[in-house]
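Good morning, and thank you for coming.

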Amino acid sequence: MGPGSEVKRMALVIGNGAYTGASPLKNPVNDAVAVGKKLVDMGFEVRTETDATAEKMLRVLSDFTQALSAAGADGRPTAAVVFYAGHGVQVDGENYLLPVDSVIRNKLDLLHSAVGLQIALETLSSVTKTCVVLRDCRRDNPMPRPFGGGPRSAPAAPGLA
């Protein structure tokens, strides 16, 4: 590789533990800080967010995507790592990452306040060829059992797809 063609390494690290609508978690913030430090040691430019609300998670994902796009605008190759620790759920075969202010009573709430992992992956893959996503999600389902009243209208599976 010639000068200036070195891979630009960028990482987004999110650790959510201080949930208001689901059970709080002890480890995600500590894990995010540790992973962020390790990625810096490995030569990544890292943005770390902790206890992010829905608005904050969407904003940092959008900002990260824009930064990746800008970094590769001159033809320089980019590599991205996204690390998420916190609550995550699977509903109807789709994975969602839960911001700390999520209040999920039904599927509409889920679609409105959670971050769909598939759309995040599609957005990231549109701006970089190399993207690794690491999820350290609590495998229980923090959503209420009735999930919209009566039997669940949108079955949630344990863990993630």
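About 180 Å³ of space lies in the largest pocket. The search runs on a 1 Å grid over the protein atoms alone; a pocket is an open set of points with protein on both sides within 12 Å along at least five of seven lines, a cavity is a set of points where a 1.4 Å probe fits but cannot get out, and lining residues have an atom within 4 Å of a point. Grid points are joined across faces, edges and corners, and a volume is the space filled by probe spheres set on the points. Of the 13 residues that line this pocket, Leu 58, Leu 61, Ile 119, Ala 120 and Thr 123 are the closest to its centre.

A word on the source: this is a predicted model, in which local features need pLDDT of at least 70 and side-chain atom pairs count only at pLDDT 80 or more, while totals for chains, interfaces and linings use all residues. Residues are numbered from 1 along each chain as its sequence is written, and side-chain values use heavy atoms, with hydrogens and water left out.

The pocket lining takes at least two residues from each of H2, S5 and H4. Helices (H or I, at least four residues) and strands (E, at least two) are DSSP runs, numbered from the N terminus. By class, nine lining residues are nonpolar, four are polar and none is charged. Here Ala, Val, Leu, Ile, Met, Phe, Trp, Tyr, Cys and Pro count as nonpolar, Asp, Glu, Lys and Arg as charged, and the others, Gly among them, as polar.

Let us turn to helix H4, residues 117-125. Which of its residues are buried? They are Leu 117, Ala 120 and Leu 124, where buried means under 20% relative accessible area, exposed over 50%, and partly exposed in between, with a 1.4 Å probe and protein chains only. Seen down the axis of H4, these residues fall within an arc of 60 degrees, so they line one face of the helix; the arc is that of the directions from the helix axis to the C-beta atoms. In general, an α-helix has 3.6 residues a turn, so residues three or four places apart point the same way. On the other side of H4, Ile 119 and Ser 125 are exposed. The cover over the buried residues includes helix H2 (54-71) and strands S3 (78-91), S4 (94-97), S5 (115-116) and S6 (130-138).

H4 gives the largest share of its lining, four residues. Among the lining residues are Leu 117, Ala 120, Leu 124 and Arg 135. By class, the cavity lining has 10 nonpolar residues, no polar ones and one charged.

Finally, the core. The largest nonpolar core has 30 residues, and Met 57, Tyr 84 and Leu 97 are among those with the most contacts inside it. Such a core is a set of buried Ala, Val, Leu, Ile, Met, Phe, Trp, Tyr and Cys residues joined through side-chain atoms within 4.5 Å. H2 gives the most to this core, with six residues. Beyond residues up to four places away in sequence, Leu 97 touches Met 57, Tyr 84, His 87, Ala 114, Val 115, Leu 117 and Cys 137, contact meaning heavy atoms within 4.5 Å.
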